[in-house]
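This report examines selected features of one protein structure. The sequence and the coordinates are shown first.

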Amino acid sequence: MVYKQLLRRTLFSLGQGDPEVAHERTMAALVRLSKVPPAVTALRRAFGGKTQHTVFGVTFPGPVGLAAGMDKDGRALKAWPAMGFGHVEVGTVTRHAQPGNPKPRLYRLPESEAIINRMGFNNAGADALAARLAEVGPVGVPLGISIGKSKVTPVDEAVEDYRHSLRALHPFGDYFAINVSSPNTPGLRGLQDRAALDALVGELRRESQELSSTPKPLLVKIAPDLTDQAIAEVLQVCADHGVAGVIATNTTLARNGLTAAERPVGAEAGGLSGRPLGLRARDVVAFVAKETGGALPVIGVGGVFDVDGALRLLDAGADLVQLYTGFVFEGPQLVRRINRAVAAR
């Protein structure tokens, strides 16, 4: 309640309501927090999970992870476990540093409990992230790294773009998410087509095997806007290449569930995340679980704003859940509540 009634109100007012200003101020505060080990330790005891979950060979100390997009460049890595996150996914990172799309590119829809973004993979690049991770050292929880295609790279050269990032970051990630589903990089979602995905995943799988005798788990992050048939084709590619799991889902181009007052803002280009995505995310998770007989691990993400939403995703077939928009609106207490609810089951 303190977060929602006081801190969130303050954050949402920063920069005359500009969400990107609030994000940068929050990140700066978390960077400072991450440099105070006693505070990190105390918070982690209060918020951390009490259950262990072993998924695709990696042991997670809690069921809730931080979704990609919040800490793209790994600036506040020690702070996230302090708030109870059982894993952290950084990125999406690209081979080339890039500023992302022109501002404004981030919109809050508080009545609908949603966010629209067209950030465009703004990040400092894979090599810069590798240097930071080498300096930071172990995070304390599993680290996922989401990799994507640089905007300047033609789609027909995407494989080498992803491969460079995987090669640079391979020593640091506990798993790698292959992001082919963001709506904000031209041509990217075309990489979900069966032939293109087959070529990409096949090459990354081979690269991972060459880099280590124990290859890091590779996951594919899929869009909620795919048809069941398209998802089934993605799953077949995953099976063909021994992909370790899927992340379901990315943001959506659909605008279902917005209040009438927020439909004008909803017309902004970009991917929508938040509560309106919850039902579709569960449906995709359930489809993946049914299609694979529960054999393919799933990280469920989309629309989790409360304990019930998290448990529904887990019951639909997710092995872990991730937060982004729910965390923005509900704060770290949401992580704690979910951790406690799962431990009590």
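The structure is a predicted model.

**Aromatic contacts**

| Ring pair | Distance between centres | Angle between planes | Geometry |
|---|---|---|---|
| Tryptophan 80 and phenylalanine 85 | 6.1 Å | 75° | edge-to-face |
| Tryptophan 80 and phenylalanine 327 | 6.0 Å | 70° | edge-to-face |

The pair of tryptophan 80 and phenylalanine 85 counts as edge-to-face because its planes stand at 75°, and the cut-off for this class is over 60 degrees. Likewise, the planes of tryptophan 80 and phenylalanine 327 stand at 70°, so this pair is also edge-to-face. Tryptophan 80 belongs to helix 4 (residues 79–82) and phenylalanine 327 to helix 12 (residues 325–330), so their pairing ties together parts that are 247 residues apart in sequence. Both tryptophan 80 and phenylalanine 85 are buried, and phenylalanine 327 is buried as well.

An aromatic cluster is formed by Phe12, Phe305 and Phe329. Phenylalanine 12 also has a charged neighbour: arginine 108 lies over the face of its ring, at 4.0 Å from the ring centre.

**Helix packing**

Helix 8 (residues 228–240) packs with helix 10 (residues 278–291) at an angle of about 50°, and their axes are 11 Å apart. This angle makes helix 8 oblique to helix 10. The crossing of helix 8 past helix 10 is right-handed. On the side of helix 8 the contact is made by Asp228, Ile231, Ala232 and Leu235, while helix 10 contributes Arg280, Val284, Phe287, Val288 and Glu291.

Helix 10 is also a neighbour of helix 11. In helix 11 (residues 307–316), the buried residues are Gly309, Ala310, Leu311, Leu313, Leu314 and Ala316. These buried residues pack against helix 10, strand 12 (298–301), strand 13 (320–323) and helix 13 (332–344). Just after helix 11 comes glycine 317, with a positive phi of about 130°.

Most residues other than glycine have a negative phi, and most peptide bonds are trans. Against this background, several positions deserve mention.

A cis peptide bond links glycine 91 to threonine 92, with omega at about 5°. Threonine 92 has its place in strand 4 (residues 87–93). Lysine 103 and proline 104 are likewise joined by a cis peptide bond, with omega at about 0°. Proline 104 is found in the loop between strand 4 and strand 5 (106–109).

Phenylalanine 56 has a phi near 40°, a positive value in a residue other than glycine. This phenylalanine 56 sits in the loop between strand 1 (53–55) and strand 2 (58–60). Its relative accessibility is 16%, so phenylalanine 56 counts as buried, the cut-off being under 20%.

Phenylalanine 121, again not a glycine, has a positive phi of about 55°. The loop that holds phenylalanine 121 runs between strand 6 (114–117) and helix 5 (126–136). Phenylalanine 121 counts as buried because its relative accessibility is 6%.

Conventions. Residues are numbered from 1 along each chain as its sequence is written. This is a predicted model: local features need pLDDT of at least 70, side-chain atom pairs count only at pLDDT 80 or more; totals for chains, interfaces and linings use all residues. Side-chain values use heavy atoms; hydrogens and water are left out. Rings of Phe, Tyr and Trp (its six-membered ring) pair if their centres lie within 6.5 Å; planes under 30 degrees apart count as stacked, over 60 as edge-to-face and the rest as tilted. Buried means under 20% relative accessible area, exposed over 50%, partly exposed in between (1.4 Å probe, protein chains only). Helices (H or I, at least four residues) and strands (E, at least two) are DSSP runs, numbered from the N terminus. A charge sits over a ring if NZ of Lys or CZ of Arg is within 6 Å of the ring centre and within 35 degrees of the ring normal. Axes are lines fitted to C-alpha atoms, for helices over the stretch in contact, and angles run from 0 to 180 degrees between N-to-C directions. Angles under 35 degrees count as roughly parallel, over 145 as roughly antiparallel, 65 to 115 as roughly perpendicular and the rest as oblique. A crossing is left-handed if the near helix is turned anticlockwise from the far one by less than a right angle, and right-handed if clockwise. Contact means heavy atoms within 4.5 Å.
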